[in-house]
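Please open the structure in your viewer and keep the selection tool at hand. The stops below go from the whole chain to single side chains, each with something to select and something to look for.

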Amino acid sequence: MDRHVPLEGARNFRDAGGYLTASGASVRWRTLFRADSLAEVTADDIGTLRGLGLAVAFDLRTQAERDDLGVAPLAEHGVSVRHTPLAERIGPELYPVKAPVRDWTPEDYAVQYTWLLEQGRGAIGAVVRALAGERPTALAYNCTAGRDRTGLVTAVILRALGVSDEDIVADYHLTDRYRPSELGTPAENMTLTLHAIDERWPSIEAYLEQCEVTAEALRGLREHLLEPGPGA
């Protein structure tokens, strides 16, 4: 199944399904989507998204970004749109890495991403609880480029499902194909971030507990998003 969903108004709308887990299960296709800004989606795009069964969309951007770039009219078409910023404010004056972003090393990204994970516990918890409890036909979450904040939410969810770090890193790096930029998404950014997560939290379950995701919700997440793998 094609991971990338071509849209006229968004370049980086991707399916996070299909990855195998350590238990041999597979992440369900056409259920979990990651995206860049959806503010410019067209009527045809909305038809495509509704055709995918999109029922819930989380906007991880700040209110300032929404005011500046706009908001997709998905709510007018039956999608439950929820503004859950990963950080209430973003900007160099707030970041733990003080070098200009253009000069950041993979080590700097790991520091920055760990900071975002701390800031974004409420938003990540909300996404996971919606997947676990509501079990929508399909759920999407987006930031502006579908790179940093969206990449982190994806990494947390895939890790909680038992997907290998290699596949999590590869999924992050795919943004270079669909939304290339000067900054890019080098694989080492996510590799070092996953190492930083291991140093900061004893397990992904421990991190999700801080996001107010209960053990019952975690079971619900896995029940909803995992299915027997090939040959099962």
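Of the 232 residues of the protein chain, 54% count as buried, where buried means under 20% relative accessible area, exposed means over 50%, and partly exposed lies in between, with a 1.4 Å probe and protein chains only. The model is a predicted one, in which local features need pLDDT of at least 70 and side-chain atom pairs count only at pLDDT 80 or more, while totals for chains, interfaces and linings use all residues. Residues are numbered from 1 along each chain as its sequence is written, and side-chain values use heavy atoms, with hydrogens and water left out.

**The whole chain**

Begin with the protein chain in a cartoon view, where 10 helices and 7 strands are present; helices (H or I, at least four residues) and strands (E, at least two) are DSSP runs, numbered from the N terminus. The radius of gyration of the chain is 17 Å, close to the 17 Å that the globule rule gives for 232 residues, so the chain is as compact as a globular protein of that length; the radius is taken over C-alpha atoms, and the rule is 2.2 Å times the number of residues to the power 0.38. Along its principal axes, the C-alpha trace spans about 45 × 40 × 30 Å.

If you switch to a surface view, the accessible surface comes to about 10100 Å², of which 50% belongs to carbon and sulfur atoms, as computed by the Shrake-Rupley method with a 1.4 Å probe, with only the protein chains shown counting as cover for residues. Among contacts in the chain with a separation of 6 or more, 73% are accounted for by residues 24 or more positions apart, a contact being heavy atoms within 4.5 Å.

**The sheet**

Now select strands S1, S3, S6, S4 and S5, which form an open sheet of 5 strands in the order S1-S3-S6-S4-S5, with mixed pairing; two strands pair if DSSP finds at least two bridges between them. The edge strands are S1 (14-15) and S5, each of which pairs on one side only.

Zoom in on S4 (residues 54-59), which pairs with S5 (residues 80-83) in the parallel sense over 4 bridges; within this pairing, Ala57 has Val81 of S5 as its bridge partner. S4 also pairs with S6 (residues 138-142), again in the parallel sense, over 5 bridges, and here Phe58 stands opposite Tyr141 in S6.

**Glu134 and Arg82**

Which side chain makes a polar contact with the side chain of Glu134? Select Glu134, found in helix H4 (residues 121-134), and show side chains around it: the partner is Arg82, at 2.8 Å. A polar contact is a pair of N or O atoms within 3.5 Å; within protein, one must be able to donate a hydrogen and the other to accept it, and residues adjacent in sequence count only if both atoms are side-chain atoms. Not counting residues up to four places away in sequence, Glu134 touches Val56, Arg82 and Arg129. The C-alpha atoms of Glu134 and Val56, 78 residues apart along the chain, are separated by 9.5 Å. At 44% relative accessibility, Glu134 counts as partly exposed.

Leaving out residues up to four places away in sequence, Thr150 touches Arg34, Ala35, Leu60, Tyr141, Asn142 and Cys143. A polar atom of the Thr150 side chain lies 3.0 Å from the backbone nitrogen of Cys143.

Apart from neighbours within four places in sequence, Thr185 is in contact with Arg147, Tyr172, His173, Thr175 and Asp176.

**Positive phi in two loops**

Most residues other than glycine have a negative phi. Select Arg30, in the loop between S2 (25-27) and S3 (32-35), where phi is near 55 degrees, a positive value. Finish at Glu212, in the loop between helix H9 (204-210) and helix H10 (215-225), where phi is near 65 degrees, also positive; Glu212 counts as exposed, at 61% relative accessibility.
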